[in-house]
Amino acid sequence: MRTLNVELDERSYPIRIGSGVLADSGLILPYLKSKRVAVVTNDVVGPLYLADFVAGLRKQGVSVTQIVLPDGEAHKDWPTLNLIFDGLLSEHCDRSTTLIALGGGVVGDMVGFAAATYQRGVPFIQVPTTLLSQVDSSVGGKTAINHPLGKNMIGAFYQPKLVLADTSVLNTLPDRELRAGMAEIIKYGLIRDLPFLEWIESNLERLMARDPAALAEAVERSCRNKAEVVAADETEQGERATLNLGHTFGHAIETGLGYGAWLHGEAVAAGAVMAADLSRRLGWLSDADVARVREIHLRAGLPVKGAPLGADRYLELMAHDKKVSDGTLRLVLLKQIGRAVITSEATNSDIRASIDACC
């Protein structure tokens, strides 16, 4: 088992990564406020892991409420969030109840938001079961639901007490979900960790073949990058926004097509290529750099062309991005491979040109 820490003073917490850790309920017990939890999962993950996970907790004397949500980004909304509150209230869960998110990024985001708001805040634990959630969304305390006008627009910063990432569960992950998770892994190399990017390029076939050692290394190095950024900028006032490389374009794709049509990682991959193309137009990247960004995403089986929504629709949707300040769109671009910046230097004509070239 590998252990990292997210250093946030009194709200610091560990990330424990390893094969089979899901079966070790003793890892969770020290982080419970009382021996009462509510485990929230979805109807895809639940049949695979819920029964054994709950049985392990109950053997430790923990009282467990189970809440199963419908699967998918299309259900990351108020009605589904209310299913969590319905379960908590009907079982008389109090402020000492710890919520446990057993699932991917959608479950983790929704459970975190529920924990932030139920009785004005209860503890929660992340048990991510997809590659994307293990390397990104489970770490850092960003919680949210979607709105028809924009992705993740309603939420809160609320940190978990523990992140428990079992790499063995990735064996049951559909290939498409594995590829989507690779987009976030590649992102860390592009924005701040060139040696990691070079390692990914050298080990991509091992990762796509689900080599356990390679996956464990990728999850740990991704989480280390995320933890360092979150510790320096918890509420995204500066550096943390660089973690959104490709996300402004990608969120426009997800919102424009309807949530769930593209997986988040697929949209981020296409968005990262658009961001690289735009960085080249600003004179920061070479043609070879852009080709490198395209190539690594192609090798991972990810899209490198965005959805054909049209530049006008992209810009309309991007205007709802959380990085818009005083009406000015700020984008995460690449000054060079391995160094991202947040900038408003790109003109609308440049942005349009990159959208047209990459869609």
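1. The axes are lines fitted to C-alpha atoms, for helices over the stretch in contact, with angles running from 0 to 180 degrees between N-to-C directions. Helices (H or I, at least four residues) and strands (E, at least two) are DSSP runs, numbered from the N terminus.

2. On provenance: this is a predicted model, in which local features need pLDDT of at least 70 and side-chain atom pairs count only at pLDDT 80 or more, while totals for chains, interfaces and linings use all residues. Residues are numbered from 1 along each chain as its sequence is written, and side-chain values use heavy atoms, with hydrogens and water left out.

3. Helix 6 and helix 10. Helix 6 spans residues 194-208 and helix 10 spans residues 287-299. Their axes lie 10 Å apart, at an angle of about 40°. The two helices are therefore oblique to each other. Their crossing is left-handed (the near helix is turned anticlockwise from the far one by less than a right angle; clockwise would be right-handed). Contact here means heavy atoms within 4.5 Å. On the helix 6 side, the residues are Leu194, Leu197, Glu198, Ile200, Glu201, Leu204 and Glu205. They meet Arg292, Ile296 and Arg299 in helix 10.

4. Helix 6 and helix 7. Helix 7 covers residues 212-232. The axes of helix 6 and helix 7 come within 10 Å and cross at roughly 150°. That makes helix 6 roughly antiparallel to helix 7. This crossing is left-handed too. Helix 6 contributes Pro195, Phe196, Trp199, Arg206 and Leu207. Among their partners in helix 7 are Ala213, Leu215, Glu217, Arg221 and Asn225.

5. Most residues other than glycine have a negative phi, and most peptide bonds are trans. Arg210 is buried, with a relative accessible area of 14% (buried is under 20%, exposed over 50%, partly exposed in between, using a 1.4 Å probe and protein chains only). Asp211 and Arg206 join their side chains in a salt bridge, at 2.8 Å from N to O. The criterion is a side-chain nitrogen of Lys or Arg within 4 Å of a carboxyl oxygen of Asp or Glu. Asp211 is partly exposed at 25% relative accessible area. Arg206 is also partly exposed, at 36%.

6. Other salt bridges. The count by this rule comes to 25. Asp109 and Lys76 form one of them, at 2.7 Å from N to O. Asp109 lies in helix 3 (residues 105-117) and Lys76 in the loop between strand 4 (63-69) and helix 2 (78-90), so the pair ties together parts that are 33 residues apart in sequence. Both residues are buried. Arg2, Glu217, Glu220, Arg221 and Arg224 are linked in a salt-bridge network.

7. Arg313 and Glu316 both lie in helix 11 (residues 311-318). They are three residues apart, about one turn of the helix. Their salt bridge has its closest N and O atoms 3.1 Å apart. Arg313 is partly exposed at 31% relative accessibility, and Glu316 is partly exposed at 45%.

8. The strand 7 and strand 8 hairpin. Strand 7 (residues 142-147) pairs with strand 8 (residues 150-157) in the antiparallel sense, over five bridges. Pairing requires that DSSP find at least two bridges between the strands. Two residues sit between the strands of this hairpin. Lys142 stands opposite Phe157.

9. Thr143. This residue sits in strand 7. Thr143 is buried, with a relative accessible area of 5%. Thr143 and Phe157 are 14 residues apart in sequence, yet 6.1 Å apart in space, C-alpha to C-alpha. Leaving aside neighbours within four places in sequence, Thr143 is in contact with Asp109, Gly112, Phe113, Ile154, Gly155, Ala156 and Tyr158.

10. One further backbone point. Gln119 has a phi near 50°, a positive value in a residue other than glycine. Its place is in the loop between helix 3 and strand 6 (124-128). At 32% relative accessibility, Gln119 counts as partly exposed.

Note on methods: Angles under 35 degrees count as roughly parallel, over 145 as roughly antiparallel, 65 to 115 as roughly perpendicular and the rest as oblique.
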